[in-house]
Amino acid sequence: YGNPSRQLKLIGITGTNGKTTTTYILKYILEQAGHKTGLIGTIHNEIGDMTFPARHTTPDPAQLQALFRRMADAGCEYVVMEVSSHALDQQRVAGCRFLTGAFTNLTQDHLDYHGSMENYFAAKAKLFDMTETAVVNADDAYGRRLIASLRCPSKTFSLGDGSGAYCASHIEIKANGSRFLLEGEGKSALVEFPMPGKFAVANAMTAALCALSAGIPFSQVTEALNSCPGVRGRTEVLPTNTDYTVICDYAHSPDGIEKILTAIREFAPGRITILFGCPGKRDRTKRRKMTEIAARLADFVVLTSDNPRDENPQEIIEDALPGLLEHDTPYEIIPDRYRAVRWALEHAQKDDILLLAGKGHEDYQVLDFGTIYFDEKQIVAELLEKIRQEKGKGE
């Protein structure tokens with residue numbers, strides 16, 4: 001393909017959580033500043049306004065170079081991409097040179113592949129051996145370890161305590177977003193961002209510093225953050241026309257569930273019900289941790305299936321159940337996710353927040369016999385209409 005990445009300015013985002021949201025925010029900032037940008041990530045790949053399906057977070061080397069070639073030929077100047085630990089360990093980005101590499105955070109995930117957190121961290125750190133400038137979250141313990149070992153210049157950030165070169169202070173979390181003061185290198189600006197939670201602020205900060213490192217002026221970066229739309233399946237409030245709220249989020253790890261529930265608690269007017277399952281054929285040790293966190297931070301738990309793959313859904317639930325039993329939080333177990341969503345909608349009360357966690361942007365579910373279409377956003381709309389019709393007939 002003629003080394004197409006040499007014609008492009010690559011910005012790679014790695015970390016356990018926040019990669020997808022950060023890439024979308026960053027693409028938006030770059031395009032608002034007038035730069036045609038390609039995107040490679042979990043949801044899909046984009047060349048300007050065109051979208052293509054994504055099979056892996058980071059494609060294999062041949063597919064990746066083919067994408068770069070198409071992006072270069074289409075006139076893209078920048079490429080924003082998620083760089084997974086699997087991709088780094090398997091050399092999928094070998095031969096690439098990144099203008100900027102960003103580290104969001106590191107928490108337990110993918111230990112079925114890496115074996116230990118040390119191996120997981122070592123895989124993530126490989127990105128910064130091929131990076132001109134690093135952007136690092138100084139609030140994360142592994143981020144601080146990375147900063148200490150960097151051999152390239154870096155831009156660091158923190159929330160509130162000023163330990164990074166840039167800081168997000170005076171943070172206010174609301175149901176419809178977050179408000180904070182972005183400060184750094186003698187400049188400051190107020191940001192009204194459409195996604196709630198401190199983790200969302202951290203994602204916005206990561207994207208902002210990547211844009212700054214790419215030469216986008218501070219004023220253009222903050223203007224773009226203020227006009228940025230949300231990201232599908234990331235703390236997405238679904239239209240329901242009910243007296244309770246339904247939020248869809250991709251949280252599928254212990255840390256992800258903890259962060260989203262903590263964020264929702266800051267603005268929840270009533271109970272929080274979380275509906276989620278644990279992925280099949282993945283790290284079994286995180287299942288109990290996920291349910292313990294859910295039972296500790298939510299008011300009601302509906303334990304169901306995520307993508308069980310060819311693992312028995314009931315056995316996955318049995319692995320996860322001990323975490324629920326560590327607390328007195330009431331719960332319901334419904335292995336069929338469609339029925340679980342319906343049950344949760346039917347039992348939601350006024351001012352409740354129902355969090356559907358794990359599927360996010362995914363419009364499918366992987367079962368033992370194959371992959372089925374399962375768009376939770378569409379399913380919620382259809383179920384609510386059925387429930388309304390049934391109530392109408394009953395009256």
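How far apart should the ends of helix α2 (residues 61-73) be at 1.5 Å a residue?

## Helix α2

The 13 residues of α2 should span 18 Å, and the end C-alpha atoms are 18 Å apart, which agrees. The expected span is 1.5 Å times one less than the number of residues. Helices (H or I, at least four residues) and strands (E, at least two) are DSSP runs, numbered from the N terminus.

The model is predicted: local features need pLDDT of at least 70, side-chain atom pairs count only at pLDDT 80 or more, and totals for chains, interfaces and linings use all residues. Residues are numbered from 1 along each chain as its sequence is written, and side-chain values use heavy atoms, with hydrogens and water left out.

## Surroundings of α2

L64, Q65, L67, F68, R69, M71 and A72 of α2 are buried (under 20% relative accessible area, 1.4 Å probe, protein chains only). These buried residues pack against β1 (9-14), β2 (37-40), β3 (44-47) and β5 (78-82), where contact means heavy atoms within 4.5 Å.

After α2 comes G75, with a positive phi near 90°.

## The six-stranded sheet

Six strands form an open sheet of mixed pairing, in the order β12-β13-β17-β14-β15-β16. Because β12 (236-237) and β16 (331-333) each have a single partner strand, one side of each of these edge strands lacks a neighbour in the sheet. Strands pair if DSSP finds at least two bridges between them.

β14 (residues 272-278) pairs with β17 (residues 353-357) in the parallel sense over four bridges. The bridge partner of T273 is L354 in β17.

How values were computed: Buried means under 20% relative accessible area, exposed over 50%, partly exposed in between (1.4 Å probe, protein chains only).
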